[in-house]
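Good morning, everyone, and please have a look at the structure while I talk you through two parts of it.

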Amino acid sequence: MDLKNLSLSFESHFNAEAQAFVRAPGRVNLIGEHTDYNGGFVLPMAIDREIRIALRPRDDGIVRLFSLDFEAESAFEIASLTRTGGWAEYAKGITAQLLQAGVALKGFDATLSGDIPVGAGLSSSAALELALARAFCVASSFNWDALQMAKLAQQAENEWVGVQCGIMDQMASAVCQANRALFLDCRSLEFQHILLPKGISVVVMDTTTRRGLADSAYNERRSECEEAARWLGVSSLRDTNVKNLNKWKAGCGLSESAFKRARHVITENQRALSAVKALKTENVNYLGELFNASHASLRDDFEVSNDALNHIVECAQAHSACYGARMTGAGFGGCAVALVEEEKVEAFAQSVSEAYCQKSGLAAALYVCRASAGASLLHQE
Ligand code: GLA
């Protein structure tokens, strides 16, 4: 929603003028999937789909939020947080973490609006967390430290919301830069902004299937990875290689599924590193091959794809303008991502949509995404 309409909605809801506008983007992960919680490497980019908040600070400790998308209001007192369920829990989680970090918080009134599809693997929740943190930053006048806010948002999701996610999504929504992907070492949190090659479009392909019971499957994958790391005698799968893993293959107690999970993580870390080299040398053909290999590994070894994701990836890979395609995000539904020749992107989108519909009976939503910047203040009176 543009700022004018967001501002009008604020006025009609709160009978006062908004004093500031903040935003935080969703993300698509280019490569490095299920590596973040294994201390590994990821390569996401923030997308030009985001959550925007219009706000007006209050002098007391009350936060009132109105979501234009859900047409729902939620209010809470900073000093007495209780769980009631729903989207406002992200706000309470951020509040709890900021308080724990010793930040003196003031309340605010806010209207929220976004265009990131929910549950599609494009990190609408990380965007919500970072946008709320940015809103608190304006209302309570503290310095914006993007890295600290990303860590705090991950803690909010782990501890308050109860999802054991890694750090990738919050980092992408906090620190990304326009036209660049984020190469992140999830152990040291060192990062580099890597320029995306010209003439290439990043196409997000939403299968419109959703994760369902995936949170338990996500946590199960995490424990299988931890089990494999224990067997291999390393603190995380980042610290081993395929040769080492193969030594353990036969009859040493490492379960077949933990072996496959480990093989995915180890090879995916290598692919993420290779992808960075491919980007730096503008070797888009190789980058595409890495995408395809990543999908096969997520499908066969990590087993987090579904039929719809496999179908849409196959349709994309079969198109002559496509360099490579893979599922993206946690999996079990949601989106895939393709690298496509910019000049032929419209024909690509049309042909993939048709082919996917024929194969799966579902209508996909395809977005050509631009790499955008992390959470920011848009305007302040
Ligand atoms: C979700 C999590 C991330 C990451 C991905 C898989 O998006 O929030 O931390 O683990 O899945 O790469």
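I will begin with a sheet and then turn to one residue in a helix.

Please keep in mind that this is a predicted model, in which local features need pLDDT of at least 70 and side-chain atom pairs count only at pLDDT 80 or more, whereas totals for chains, interfaces and linings use all residues. Residues are numbered from 1 along each chain as its sequence is written, and side-chain values use heavy atoms, with hydrogens and water left out.

The sheet is open and has four strands in the order E9-E10-E8-E11, with antiparallel pairing; strands, like helices, are DSSP runs numbered from the N terminus (at least two residues of E for a strand, at least four of H or I for a helix), and two strands pair if DSSP finds at least two bridges between them. Strand E9 (322-327) and strand E11 (365-369) each have a single partner strand and stand at the edges, so one side of each is left without a neighbour in the sheet. Within the sheet, strand E8 (residues 200-206) and strand E10 (residues 335-341) pair in the antiparallel sense over seven bridges, and Ser201 stands opposite Val340 in E10.

Now to Phe259, which is found in helix H8 (residues 256-280). Is Phe259 buried or exposed? At 2% relative accessibility, Phe259 counts as buried, a word that means under 20% relative accessible area, with exposed over 50% and partly exposed in between (1.4 Å probe, protein chains only). Leaving aside residues up to four places away in sequence, Phe259 touches Leu245, Asn246, Lys249 and Leu254, where contact means heavy atoms within 4.5 Å.
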